[in-house]
Amino acid sequence: MENTLVTQKLTRKVQLKCLEALIEIKKICEKHNLQYYLIGGTALGAYRHKGFIPWDDDIDIGMPRIDYEKFLQVAQQELGDNYYLQTPKTEFNFVFPFTKIRINNTLYKESSIKHLNIHHGVFVDIFPLDTVPENKLSANTQKNLIKFCNRIRAAKISHQRKIHFKNIIKSFLKLYPSSLLRKQYNYALLMGAKSQSRKMGNLLSAYPYGTEIMDKSIFAKGKKIEFEGINFSVPNQIEKFLIKMYGEDYMQLPPLEKRITHLPSEIAGI
């Protein structure tokens, strides 16, 4: 019981630190008239709990591609010295094709990437929301190229030391040039940019491919709902968004054994 209480208190501290960053991101978006949405588990938390899912310890934001690119142009200057804009362009060893806003003077080393020489502060994830081609051939090409890039990325962040056939393959995949990986990610993500497709979503989701792809009308201009006592933007048709991601019973709490908090072993500055 004591360990559980310690985990809960530590999780809450991380949540509140992430909330500080989210508030700053919201201010920037409103100042520059940029569209953003709480997505993933953060959107579910906002709708179901009016805040964080109690056992969740991160924040996910989505921005339409055009707003995402504009945000990247102004973010670091607007955020100031308390935050770090982490992208493949600002940090070479950062192999993720999206953005993290890291909080300076904090430490949150995720086990999967703790060996990478990058900023490891507490973070908020920001994903571009990209258009998915309606043409089946183009859509399949986009899907397969993203899966290929994800496999290369997974190999690059892998830190397996045991001699195993799969690990030998990963060792070769690690040699894949990071600059080429970034170009291929960008090519895949922007394949539908000039099309009139009605579908878009987070193509870089940790969920199975397609989970966060849906009709643009579901996102639209968004609407404000409460999250930790503050109004933030979520997809306009939030119920349809959550059904697409989590199914019809998204308001039901999972069983206790599935309410898992994945805190890293190294946390500081919170």
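**Exercise 1. Decide whether His120 is buried or exposed, and list its surroundings.**

Solution. Step 1: His120 has a relative accessible area of 7%. Buried means under 20% relative accessible area, exposed over 50%, and partly exposed in between, with a 1.4 Å probe and protein chains only. His120 is therefore buried.

The model is predicted: local features need pLDDT of at least 70 and side-chain atom pairs pLDDT 80 or more, while totals for chains, interfaces and linings use all residues. Residues are numbered from 1 along each chain as its sequence is written, and side-chain values use heavy atoms, without hydrogens and water.

Step 1: His120 sits in the loop between β5 (107-109) and β6 (123-132). Helices (H or I, at least four residues) and strands (E, at least two) are DSSP runs, numbered from the N terminus.

Step 2: Leaving out residues up to four places away in sequence, His120 touches Arg102, Thr106, Leu107, Tyr108, Lys109, Ile113 and Lys114. Contact means heavy atoms within 4.5 Å.

Step 3: A polar atom of the His120 side chain lies 2.9 Å from the backbone oxygen of Leu116.

**Exercise 2. Describe how α2 and α8 pack.**

Solution. Step 1: The axes of α2 (residues 40-49) and α8 come within 11 Å and cross at roughly 125°. Axes are lines fitted to C-alpha atoms, for helices over the stretch in contact, and angles run from 0 to 180 degrees between N-to-C directions.

Step 1: This angle makes α2 oblique to α8. Under 35 degrees counts as roughly parallel, over 145 as roughly antiparallel, 65 to 115 as roughly perpendicular, and the rest as oblique.

Step 2: On the α2 side, Gly40, Gly41, Ala43, Leu44 and Tyr47 meet Ile238, Glu239, Phe241, Leu242, Met245 and Tyr246 of α8.

**Exercise 3. Which residues have the most contacts inside the largest nonpolar core?**

Solution. Step 1: A nonpolar core is a set of buried Ala, Val, Leu, Ile, Met, Phe, Trp, Tyr and Cys residues joined through side-chain atoms within 4.5 Å.

Step 1: The largest such core has 72 residues, and Ile25, Ile61, Met63, Phe71 and Phe241 have the most contacts inside it. Helix α1 (residues 2-31) gives the largest share, eight residues.

Step 2: Apart from residues up to four places away in sequence, the contacts of Met63 include Ile25, Tyr36, Phe71 and Leu129.

Key. A polar contact is a pair of N or O atoms within 3.5 Å; within protein, one must be able to donate a hydrogen and the other to accept it, and residues adjacent in sequence count only if both atoms are side-chain atoms.
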